[in-house]
Number of protein chains: 2
Amino acid sequence: MPPLPKYLSGDQSAIDEFINKFDIFLFDCDGVLWSGDHLFPGTVEALELLRSKGKKTVFVTNNSTKSRADYQKKLTAMGIPSNVDEIFASAYSSAIYISRIMKLPAPKNKVFVIGEAGIETELKSEGIEFLGGTDPGLRRDITPEDFKNIADGSMLDENVGIVLAGLDFHINYLKLSLGYAYLARGAKFLATNLDSTLPSNHTFFPGAGSISIPLINMTKQQPIALGKPSQAMMDAIEGKFQFDRKTACMVGDRMDTDIKFGLEGKLGGTLAVLTGVSKKSEWEAEGAPIVPAYYVDKLSDLKG
Amino acid sequence: MPPLPKYLSGDQSAIDEFINKFDIFLFDCDGVLWSGDHLFPGTVEALELLRSKGKKTVFVTNNSTKSRADYQKKLTAMGIPSNVDEIFASAYSSAIYISRIMKLPAPKNKVFVIGEAGIETELKSEGIEFLGGTDPGLRRDITPEDFKNIADGSMLDENVGIVLAGLDFHINYLKLSLGYAYLARGAKFLATNLDSTLPSNHTFFPGAGSISIPLINMTKQQPIALGKPSQAMMDAIEGKFQFDRKTACMVGDRMDTDIKFGLEGKLGGTLAVLTGVSKKSEWEAEGAPIVPAYYVDKLSDLKG
């Protein structure tokens, strides 16, 4: 059994010791810095404190609906100064994986996207051909002709070699049917991330995992996931930022994504915050599989 | 290990012996009588042969998009004579379960439906109040106001006590969000059936299980399923038709729904047909969990 995490809130010397131990802090965003459009009080000050001590801050998000540039705008709008290179999102991670790791030979390397514009932007930035996504032609009811044309293949692009599923606020039966048809014909199955829920407005809505799970259930195939806790994402972050993992700390609200991501990546530390999905009871349970090294009630407690 | 099934195709004396053994035949429809809108040749003649020998025929379907009356129209249009009382569909089975078994006390007994008109028709026939379903007001994109109003509960009906998920060709993010919100507030979780795929046009499309699986994944809760292989459905069929299970034979194409349904219901026999989902290799595999008692290549082989 790993030891219980150290509780930092209200303990200034423990906070100082914690901060001094690391050079780089990887932050999950939703549930840590904000919930939906609600910025947690003290978030900006906590980040500024770390930066004032010379720490590097990186924003790591599984939210695939936004590109890195979109995410920077969100940070800016919320008053969090940042630059685009500090941002690592699952849409970007997916694009990198497709272009630099999978490298499927043309022409059978097109991507059928189930997801929003953020994925499209990052695929474009890596020069990857795709279809689906925000195509208005797919934002409609399925017709009897569609059933026929999907079944006989005439509605399918024979050069699709990959299905990439991320959070799609416009998910529908037609897109699921097309995604399944491509997978049944042998396309590789990727998912930006597998979070079952999306924290928003202090509650939960369907997450990216809700989009891929019908396809998993139909094909009995697991996708390669490019968001936390997938170590493919950690490798990409390390490759980009060139840091010593022992000097890095992952900060997050979810045991099964954020904290697992940090632990499996063998980072120097993990810090849980209680403003999101996971409750203290998760790691206090007998035989809890995932236990963070530290925890605070809320990120702003780091300000002391 | 159960013995391998007896192969009947082309063996007239085995076919005669098989037919003589049973008084009632329960038929799965999609994949047995037809695929999509394509009636398999010889279906009508095979059914007429059984009826001419005084056998009772019952059409048992997990398709929840149609009411019993809709299904009868489909049978009629295909040239299969039938009456509505021979039809047992998962939408009907769900309505019966809600009204006669669950019997939640009013007023907190409304049903939030994710599904098509067939479910609504059967709920109405049992006098069950519901919302959702084919409501055109829910066939649209989710808005920022919806996120807020679902989160604060103002968009929710506080009298919803049940979420019933069936096949919905108009599934969208808004409906999944509402379904999850009701479940998170304690509504009971029912599913018409859990088939991951829907056979159509000689291939597969997303089935009712593709609609409930995101909610299962989000809530970590299994719904009570009212379609095959759920024995709740078998009990309802037996209650209605009053037959001796030993004289009944289940005919179907899927091991994990139809044949399992017959085996777990301890019917006198099970007949697999090879015109649908399952292949012979499924029961021939070492340690196959589900093995039918008989099989034919196609239903019309019973004509001899």
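Across the interface of domain 1 and domain 2 of chain A in this predicted model, three residue pairs are found in polar contact, with both residues of each pair at pLDDT 80 or more. One salt bridge is identified across the same interface. A salt bridge joins the side chains of R254(A) and D195(A), with an N to O distance of 3.3 Å.

Domain 1 of chain A comprises residues 6–60 + 246–303, whereas domain 2 spans residues 91–225. The centres of the two domains, taken over C-alpha atoms, are separated by 32 Å. Seven residues of domain 1 of chain A are in contact with nine residues of domain 2 of chain A. Between them, the two domains bury about 610 Å², of which 50% lies on carbon and sulfur atoms. On the domain 1 side, the greatest losses of area to domain 2 are those of D30(A), S35(A) and R254(A), which together account for 57% of what that side buries.

Helix α6 of chain A extends over residues 144–151, and its buried residues are D146(A), F147(A) and I150(A). These residues lie on the same side of α6(A) because they cover an arc of only 105° around the axis. In an α-helix there are 3.6 residues a turn, so residues three or four places apart point the same way. The buried residues of α6(A) pack against α7 (173–184) of chain A and against two strands of chain B, β11 (197–200) and β12 (203–206). The face of α6(A) turned away from this buried side carries the exposed residues P144(A) and E145(A). Just after α6(A), G153(A) adopts a positive phi of about 85°.

Terms used. Residues numbered from 1 in each chain as written. Chains lettered and ligands numbered in written order. Predicted model: local features only at pLDDT ≥ 70, side-chain atom pairs only at ≥ 80, totals over all residues. Heavy atoms only, no water. Buried < 20%, exposed > 50% of the residue type's maximum accessible area, 1.4 Å probe, protein only. Helix = DSSP H or I, 4+ residues; strand = E, 2+ residues; numbered from the N terminus. Arc of directions from axis to C-beta. Contact = heavy atoms within 4.5 Å. Domains from an automatic or database assignment. Buried area = accessible area lost by both parts, 1.4 Å probe. Salt bridge = Lys/Arg side-chain N within 4 Å of Asp/Glu carboxyl O. Polar contact = N/O pair within 3.5 Å; in protein donor to acceptor, adjacent residues only side chain to side chain.
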